[in-house]
Amino acid sequence: MASRPRLPLLWLAITLGTVLAGVAFVYWWERQLPARLAEAASRGQLEACLRYSDQLNALSWLPARSPLEQGRCRRDKAAQLWRQGQWGQALALQRQLLNSPAGGRADQQRFHDWQADLHRTAVERFRAGDLKGAMAALEPLGERHRSDGNALGDQLMLNWNRNRLEWERASTLVAKARWWEALDSLHRIDHPWWQRRAQPLSARVNEALEKLKGEEREHDGHGEVPHTVPLAQLDAEVSRRIAGGMNEWKAFEAGCQALGGKVVEAGPDTVCQR
């Protein structure tokens with residue numbers, strides 16, 4: 001009888017030998033990693049330290065090894081990234097540290113301090129008029145935008161757009177000399193940066209209203225226009241209605257009517273006359 005071919009046995013031996021060699025190499029390399037990790041950490045070679053740390057984690061099916069150097073290099077690298085302004089990467093690495101046995105209370109505190117610092121930075125930038133910078137600070141916190149609109153970034157954006165629209169409306173009304181309506185929009189601006197930008201508009205509105213008051217006092221002294229409602233009384237009526245929650249223009253109209261007058265356009269101005 002012819003002998004059976006031995007080729008399959010040869011291939012089997014080669015395959016098994018390759019697998020065993022690979023396992024032996026991986027085991028040997030896993031034994032080397034802690035020492036290499038410790039050396040990289042001691043020399044401050046953070047990139048190499050993190051690389052060895054990731055390789056050590058990838059071999060988690062082997063006997064577990066979590067040397068303190070692994071946490072040390074993550075801690076130092078996170079601090080370095082934070083100083084460089086790479087906040088998102090710093091927080092991610094700090095979170096990895098906290099999820100490892102090397103993380104401690106001090107690491108947890110630093111993580112919370114960084115989050116609080118980003119939140120504070122975002123608010124400060126927003127109030128200073130740096131909307132883009134505020135959103136950049138909120139990005140690593142996951143607070144730039146949410147689908148439900150409840151992120152801090154969503155709220156800041158709503159406030160910013162509302163103030164911008166009021167400033168634009170006030171600018172348009174000032175150009176049309178509609179002083180009371182412009183004053184209403186200016187009073188609605190509550191963002192510090194937009195308030196500063198609106199100061200020239202406020203100055204023009206106040207100057208125009210003071211001019212109207214002066215003309216009214218002059219007219220009262222000479223008795224030239226008895227049909228004009230006294231501004232002092234009108235101001236009192238308008239202020240009382242504004243305090244009750246009515247907007248400036250509606251308060252002006254209602255106050256004028258309460259004094260027996262009506263709102264008319266007198267050239268570039270809007271006045272209340274009987």
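The structure holds eight aromatic pairs; rings of Phe, Tyr and Trp (its six-membered ring) pair if their centres lie within 6.5 Å, with planes under 30 degrees apart counted as stacked, over 60 as edge-to-face and the rest as tilted. This is a predicted model: local features need pLDDT of at least 70, side-chain atom pairs pLDDT 80 or more, while totals for chains, interfaces and linings use all residues. Residues are numbered from 1 along each chain as its sequence is written, and side-chain values use heavy atoms, without hydrogens or water.

**Aromatic pairs**

- The Trp167 and Trp194 rings have centres 5.8 Å apart and planes at 50°, so the pair is tilted.
- Trp167 belongs to helix α7 (residues 152-175) and Trp194 to helix α9 (residues 192-197), so the pair ties together parts 27 residues apart in sequence. Helices are DSSP runs (H or I, at least four residues), numbered from the N terminus.
- Trp194 is buried at 3% relative accessibility (buried: under 20% relative accessible area; exposed: over 50%; partly exposed in between; 1.4 Å probe, protein chains only).
- Trp180 and Phe252 have ring centres 5.0 Å apart and planes at 20°, so this pair is stacked. Both residues are buried.

**Cluster and charge**

- One aromatic cluster is formed by Phe126, Trp160, Trp167, Trp193 and Trp194.
- The charged end of Arg197 sits over the Trp167 ring, 4.1 Å from its centre (criterion: NZ of Lys or CZ of Arg within 6 Å of the ring centre and within 35 degrees of the ring normal).

**Helix α11**

- Buried residues of α11 include Leu231, Leu234 and Val238.
- On the other side of α11, Ala232, Arg240 and Ala243 are exposed.
- Gly245 follows α11 and has a positive phi, near 105°.

How values were computed:
Helix = DSSP H or I, 4+ residues; strand = E, 2+ residues; numbered from the N terminus.
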